[in-house]
Amino acid sequence: MSQPAPEAQPTKPSNWNLPNALTTLRIVMVPFFGAALLVDGGESATWRTVAYVLFAVAMVTDKIDGDLARARNLVTDFGKIADPIADKAITGMAFIGLAIVGDVWWWVTIVVLLREWSVTLLRLSVLKRVVIAAKDLGKWKTTFQALALGGLTLPLRDPDIPGWMQTPGEVLFYAFQVCLAVAVALTLYSGYEFFRDVWKQRHSLGTSEAKA
């Protein structure tokens, strides 16, 4: 009797693909974004506009590379590690840069970065044993964070802009500050949910292993 042919193993996608290239581009853009934001201590309207464009490109490519990777089955181990690092690097640079120029309080920057990097490092460390799916709350956090950081990067309170634009600039500045406050609240609560779910899953795995 002939033996059944073994099932073909799915081909593992190569790390050399477009989503990973876009992720790498975001990482490379981080120092250029930071440098543009901090030209003349953040007083250059031209360079802050350049910084905004770089930040916007980073946010758009973040969406594109994730969608491409899932749609074309190009999810790789490199992408799983590099993608969250790229995200946290560009937003972290935005928080630090905006704190340096005085548009974001330092305590906000410190609290958010501690939450973001602790979650990222824990997610990477337990990636193979515990799977924590992205939740809608985290997506809303990312959206408000991107709106706030991108908006505050713009030279909204530049004294050299025409007088008729200064009042709208002030209004937008405080509107983005409100977005930032919402983002911080969502950041802290989604961080609490993440640590809670990790603890529950690890406790469940430990109980299962003990019974085995």
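Helix axes are lines fitted to C-alpha atoms over the stretch in contact, and angles run from 0 to 180 degrees between N-to-C directions. Helices are DSSP runs (H or I, at least four residues) numbered from the N terminus. The structure is a predicted model, in which local features need pLDDT of at least 70, side-chain atom pairs count only at pLDDT 80 or more, and totals for chains, interfaces and linings use all residues. Residues are numbered from 1 along each chain as its sequence is written, and side-chain values use heavy atoms, with hydrogens and water left out.

Helix 3 (residues 77-100) packs against helix 5 (residues 136-153) at an angle of about 45°, and the two axes are 10 Å apart. Helix 3 is therefore oblique to helix 5, a class for angles that are not under 35 degrees (roughly parallel), over 145 (roughly antiparallel) or 65 to 115 (roughly perpendicular). In this pair, Thr91, Ala94, Phe95 and Leu98 of helix 3 meet Gln145, Leu149, Leu152 and Thr153 of helix 5, where contact means heavy atoms within 4.5 Å.

Asp65 lies in helix 2 (residues 45-71) and is buried, with a relative accessible area of 3% (buried means under 20%, exposed over 50%, partly exposed in between, with a 1.4 Å probe and protein chains only). Beyond its neighbours within four places in sequence, Asp65 is in contact with Pro19, Leu22, Thr23, Arg26 and Asp83.

Asp40 is found in the loop between helix 1 (18-38) and helix 2 and is exposed, at 59% relative accessibility. Asn73, in the loop between helix 2 and helix 3, is exposed with a relative accessible area of 56%.

Key. Helix = DSSP H or I, 4+ residues; strand = E, 2+ residues; numbered from the N terminus.
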